[in-house]
Amino acid sequence: MGSKLSKEGIFQEMKEHCLSKEGATEDRPWGDIAWKVKNKAFVFTSEGSARYTLKSTLDKQAALTMHPQISVAAYVGRYGWISMEVIDEDTLALAKDLADESYDLVGKPKKKTAKG
């Protein structure tokens with residue numbers, strides 16, 4: 001298990017990581033923080049928090065929730081979203097990887113299917 005980090009330190013690292021992505025912005029809907037791309041949230045959190053809600057797929061969500069720090073997100077879990085509590089360097093690294101995947105899921109154009 002990695003070494004412990006402060007919640008504020010975790011928050012700052014996640015914020016810097018998410019906002020370093022091309023086109024990423026910060027919004028504060030409902031008093032919470034949303035890091036967005038193309039006006040769509042890819043990570044939700046609160047100021048100074050070590051808990052993050054991130055977009056995933058339903059298939060991957062099932063595997064991710066086997067991790068003790070990851071659960072199905074309230075309200076949006078049916079769409080593949082997960083919530084994660086970052087407690088150390090290892091879970092911070094995982095959260096950054098999941099933020100990257102969330103950014104890609106939200107920010108990349110959806111593939112059009114051929115009709116026929």
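Guide: Before we start, a nonpolar core here is a set of buried Ala, Val, Leu, Ile, Met, Phe, Trp, Tyr and Cys residues joined through side-chain atoms within 4.5 Å. Also keep in mind that this is a predicted model.

Visitor: Okay, which residues touch the most other members of the largest nonpolar core?

Guide: That core has 24 residues. Six of them touch the most other members, and they are M14, W35, F42, V43, Y52 and L54.

Visitor: Take V43, then. Which residues does V43 touch, not counting those up to four places away in sequence?

Guide: V43 is one of the core members that touch the most others. With residues up to four places away left out, the ones V43 touches are C18, I33, A34, W35, Y52, T53, L54 and A99.

Visitor: Now the largest pocket. How much space lies in it?

Guide: Rolling a probe the size of a water molecule over the atoms shows where empty space is left. For the largest pocket here, that space comes to about 300 Å³.

Visitor: Which lining residues lie nearest the centre of the largest pocket?

Guide: The lining of the largest pocket has six nonpolar, five polar and two charged residues. Out of these 13 residues, the ones nearest the centre are D32, F44, T53, A74 and Y75.

Visitor: And which element gives the most to the lining of the largest pocket?

Guide: The elements that give two or more residues to this lining are β3 (40-45) and β4 (51-54). The one that gives the most, with three residues, is β4.

Visitor: In what sense do β1 and β2 pair?

Guide: Strand β1 covers residues 24-27 and is joined to β2 over four bridges. T25 stands opposite K36 in β2. The two strands form a hairpin with five residues between them, and the sense of their pairing is antiparallel.

Visitor: What is the phi of W30?

Guide: W30 sits in the loop between β1 and β2, in the turn of that hairpin. W30 is exposed, because its relative accessibility is 71% and the cut-off for exposed is over 50%. This residue is not a glycine, yet its phi is positive, near 55°.

Visitor: N39 has a positive phi too. Is N39 buried or exposed?

Guide: N39 is not a glycine, and its phi is about 65°. N39 is found in the loop between β2 and β3. Its relative accessible area is 69%, and the cut-off is over 50%, so N39 counts as exposed.

Visitor: How about T91, buried or exposed?

Guide: T91 has its place in helix α3. Leaving aside neighbours within four places in sequence, T91 is in contact with H67, Q69, M84, E85 and V86. Buried means under 20% relative accessible area, so at 5% T91 counts as buried.

Visitor: Last one: what separation do the C-alpha atoms of P68 and E85 have?

Guide: P68 is in the loop between α2 (58-64) and β5 (70-72), and P68 is exposed, with a relative accessible area of 71%. P68 and E85 are 17 residues apart along the chain. Their C-alpha atoms are separated by 9.1 Å.

Technical notes. Residues are numbered from 1 along each chain as its sequence is written. This is a predicted model: local features need pLDDT of at least 70, side-chain atom pairs count only at pLDDT 80 or more; totals for chains, interfaces and linings use all residues. Side-chain values use heavy atoms; hydrogens and water are left out. On a 1 Å grid over the protein atoms alone, a cavity is a set of points where a 1.4 Å probe fits but cannot get out, and a pocket is an open set with protein on both sides within 12 Å along at least five of seven lines; lining residues have an atom within 4 Å of a point. Grid points are joined across faces, edges and corners, and a volume is the space filled by probe spheres set on the points. Ala, Val, Leu, Ile, Met, Phe, Trp, Tyr, Cys and Pro count as nonpolar, Asp, Glu, Lys and Arg as charged, and the others, Gly among them, as polar. Buried means under 20% relative accessible area, exposed over 50%, partly exposed in between (1.4 Å probe, protein chains only). Contact means heavy atoms within 4.5 Å. Two strands pair if DSSP finds at least two bridges between them.
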